[in-house]
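User: I have a structure open and I'd like to walk through it with you. Could you start with one of the loops and then move on to the inside?

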Amino acid sequence: MMNDNSIEVATLGAGCFWCIEAIFQRVEGVKHVESGYTGGEIKNPTYREICSGRTGHAEVIKLTHDPEIIPYADLSRIFFSTHDPTTLNRQGYDQGTQYRSVIFFQDEKEKEVAKGVMEEMKDYFDDPIVTELSALEAFYVAESDHQNYYNDHRNQGYCTAIIDPKVAKLRAMFASRLKPEMS
């Protein structure tokens, strides 16, 4: 039985938030995933404003997890393994600062863990990792039609072409970390 004291939060950006939301919804120990925006200058941005690339915000997810089941370091390994952390401000066809690879840390411990995992993972990629590490400030929840997107729109073209391969990679690389109903 988990108590509230064992819940931790992580905020991650890996391109489109629909993709990373779909990944982490399937990970055992992740209790809740919420798509949103952070890292920019304006308060309460809209999706339309984010798409302009002029807000400074990134599309991110905020997830709550039980560190006894899935420690922050393992979340970070899944994060680096299921997107391309070597492309600056781009994931596939999605381009702009809103699609950057970024970890928003809440404290120095998270920052150090993320740096350590980044160092550990660098040899798995042909190009240098360009993932940004930034302190988390305000998190703004995305509009309701962006929440649970993949699960609600599995047959939509973007989901089948872009998200399905990421979920398949998660299943192949981290099968032991998946929720039984999602494996």
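Analyst: Let us begin with Asn44, which sits in the loop between strand S2 (30-38) and helix H2 (47-51); helices (H or I, at least four residues) and strands (E, at least two) are DSSP runs, numbered from the N terminus. Please keep in mind that this is a predicted model, in which local features need pLDDT of at least 70 and side-chain atom pairs count only at pLDDT 80 or more, while totals for chains, interfaces and linings use all residues. Residues are numbered from 1 along each chain as its sequence is written, and side-chain values use heavy atoms, with hydrogens and water left out.

User: OK, what is the phi of Asn44 like?

Analyst: The phi of Asn44 is near 50°, which is a positive value in a residue other than glycine. Most residues other than glycine have a negative phi.

User: And is Asn44 buried or exposed?

Analyst: Asn44 is exposed, since its relative accessible area is 58%; buried means under 20% relative accessible area, exposed over 50%, and partly exposed in between, using a 1.4 Å probe and protein chains only.

User: Which loop holds Asn148, and what about its phi?

Analyst: Asn148 lies in the loop between strand S8 (140-141) and helix H5 (149-152), and it has a positive phi of about 55° although it is not a glycine. With a relative accessible area of 26%, Asn148 is partly exposed.

User: Switching topic: how many disulfides are there?

Analyst: A search of the whole structure finds zero disulfides, a disulfide being a pair of cysteine sulfur atoms within 2.5 Å. For Cys51, the nearest cysteine sulfur is that of Cys16, 9.1 Å away.

User: Now the inside. Which residues touch the most other members of the largest nonpolar core?

Analyst: Those are Phe24, Leu63 and Ile163, out of 42 residues in that core; a nonpolar core is a set of buried Ala, Val, Leu, Ile, Met, Phe, Trp, Tyr and Cys residues joined through side-chain atoms within 4.5 Å. Helix H1 (17-25) is among the elements that give two or more residues to this core, and H1 gives the most, with seven.

User: Why is H1 described as largely enclosed?

Analyst: Nine of the nine residues of H1 are buried, so the helix is largely enclosed by the rest of the structure. The buried residues of H1 include Trp18, Glu21 and Gln25.

User: What does Ile163 touch?

Analyst: Leaving aside residues up to four places away in sequence, Ile163 touches Trp18, Cys19, Ala22, Tyr150 and Tyr158, where contact means heavy atoms within 4.5 Å.

User: Last one: where is Thr82, and what does its side chain reach?

Analyst: Thr82 is found in the loop between helix H3 (72-81) and strand S4 (90-91), and its side chain reaches the backbone oxygen of Ile78 at 2.8 Å. Thr82 is buried, with a relative accessible area of 7%, and it touches Ile23, Lys166 and Leu170, again not counting residues up to four places away in sequence.

Conventions: A polar contact is a pair of N or O atoms within 3.5 Å; within protein, one must be able to donate a hydrogen and the other to accept it, and residues adjacent in sequence count only if both atoms are side-chain atoms.
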